[in-house]
Amino acid sequence: MQALKKIFFVSCLMIYALTQTVSAQEKSANPNKYTAHNKGKMYVFWGGNRENYSKSDIHFKGDNYNFTLHDVTARDKPKGWQIDYVNPARMTIPQTNLRIGYFINDHYNISIGIDHMKYVMNQDQVVNISGNINDGTAFDGNYNNEPITLTDDFLTFEHTDGLNYINTEFSRVDDISKLFKIRNTDKFQVNITEGLGAGLLYPKTNTKLLEKERYDEFHAAGYGVSAKMGLNLTFFKHFFIQAELKGGYIDMNDIRTTKSTADKASQHFYFLQRIIAFGGIFKV
């Protein structure tokens with residue numbers, strides 16, 4: 001009888017030990033997903049962009065001229081995917097995006113970044129001009145909303161190094177992996193993101209105006225506001241690809257155009273930016 005009790009007791013201990021081992025293995029096989037919570041994580045991404053711009057009235061003012069060009073068109077200046085995106089000495093040549101952010105809770109993050117866009121006025125377009133020029137050139141005269149061709153001896157105008165939008169964004173992120181029946185988000189996760197941003201414009205404007213010497217220097221020129229939406233694909237918890245569509249409004253009322261501080265331009269326009277970026281996310 002005593003032997004049977006001992007066998008029963010030992011058997012109970014073995015069963016208990018076995019169940020605990022199985023339970024531990026189940027917990028180990030189903031840990032809390034790293035991707036289940038974002039609070040306290042930081043992220044950084046780097047990528048490229050393309051832009052479209054609305055028409056813009058550009059106002060030029062100096063000691064001997066005061067005129068406006070109406071409905072000026074412009075384009076971006078893409079370089080295509082190339083090694084310059086990862087070459088530290090040439091990173092500002094293509095159109096790029098850099099952003100660093102921090103999640104204040106599981107869904108919301110705040111970030112700072114620079115959208116390095118490029119804006120090139122279309123040369124030789126015909127626009128209307130209003131105002132006056134008395135600068136001792138062939139373009140002197142009074143203009144009343146009449147057509148003029150923007151030849152390179154009259155004006156070249158670019159923000160090509162670049163149209164730098166330095167901004168802060170407040171964004172929301174939501175995991176939609178369940179819609180695609182993805183169970184292990186630590187291997188692959190699908191998120192959507194949307195946000196609002198605001199910041200300053202610090203362009204390097206390349207301008208040649210009315211036969212004056214070309215000017216090409218950085219200058220704080222104005223402000224911008226923006227809104228975005230995007231799709232984030234996260235791989236193995238820490239690496240992601242993010243595609244964004246961002247639209248906004250830019251108002252630059254203090255654009256340097258020549259070496260003289262008396263010469264300046266102003267303009268405002270809307271932009272639409274498409275971004276593809278690569279990044280990482282980690283806890284701090």
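This is a predicted model: local features need pLDDT of at least 70, side-chain atom pairs count only at pLDDT 80 or more; totals for chains, interfaces and linings use all residues.

Start at E211, in the loop that runs between strand 11 and strand 12 (215-218). The phi of E211 is near 65 degrees, a positive value in a residue that isn't glycine.

You'll find K237 in the loop between strand 13 (222-235) and strand 14. With a relative accessibility of 31%, K237 counts as partly exposed. The peptide bonds have something to show too: the one from D161 to G162 is cis, with omega near -5 degrees. G162 itself lies in strand 9.

Now go back to strand 11, residues 204-209, and find T207 there. Is T207 buried or exposed? T207 has a relative accessible area of 0%, so it is buried. Setting aside residues up to four places away in sequence, T207 touches L155, T156, F157, E213, R214, Y215, R256 and T257.

Time to zoom out. Of its 284 residues, 41% are buried. Among contacts with a separation of 6 or more, 69% are between residues 24 or more positions apart.

What does the inside look like? In soluble globular proteins, nonpolar side chains tend to be buried together. Here the largest nonpolar core has 33 residues, and the members that touch the most others are F60, F67, L69, I133, F154 and L163. Elements giving two or more residues to this core include strand 2 (56-62), strand 3 (65-72), strand 9 (155-175) and strand 15 (264-283). There is also a second, separate core of eight residues, with Y43, F45, F103 and A277 among them.

Leaving out neighbours within four places in sequence, L69 is in contact with S56, D57, I58, F60, V127, N128, I129, I148, L150, F154 and L155. Two of these contacts, F60 and F154, turn up again in an aromatic cluster: ring pairs link F60, Y65, F67, F139, F154 and F157. The structure holds 17 aromatic pairs.

The protein exposes about 15,400 Å², and carbon and sulfur atoms supply 59% of that. On the surface, V44, L98, I100, Y102, I104, I110, I112, F170, F282 and V284 form a nonpolar patch, with about 860 Å² of accessible area together. Strand 5 (96-103) and strand 6 are the elements that give two or more residues to the patch, and strand 5 gives the most, with three. V44 comes from strand 1, residues 41-53, and is partly exposed because its relative accessible area is 33%.

One last stop is N32, in the loop between helix 1 (2-29) and strand 1. N32 counts as exposed, at 76% relative accessibility.

Note on methods: Residues are numbered from 1 along each chain as its sequence is written. Side-chain values use heavy atoms; hydrogens and water are left out. A nonpolar core is a set of buried Ala, Val, Leu, Ile, Met, Phe, Trp, Tyr and Cys residues joined through side-chain atoms within 4.5 Å. Buried means under 20% relative accessible area, exposed over 50%, partly exposed in between (1.4 Å probe, protein chains only). Helices (H or I, at least four residues) and strands (E, at least two) are DSSP runs, numbered from the N terminus. Contact means heavy atoms within 4.5 Å. Patches are made of residues with over 30% relative accessible area and no salt bridge: like charges are joined within 9 Å, nonpolar side chains (Val, Leu, Ile, Met, Phe, Trp, Tyr) within 5 Å. Accessible areas come from the Shrake-Rupley method with a 1.4 Å probe; for residues, only the protein chains shown count as cover. A salt bridge is a side-chain nitrogen of Lys or Arg within 4 Å of a carboxyl oxygen of Asp or Glu. Rings of Phe, Tyr and Trp (its six-membered ring) pair if their centres lie within 6.5 Å; planes under 30 degrees apart count as stacked, over 60 as edge-to-face and the rest as tilted.
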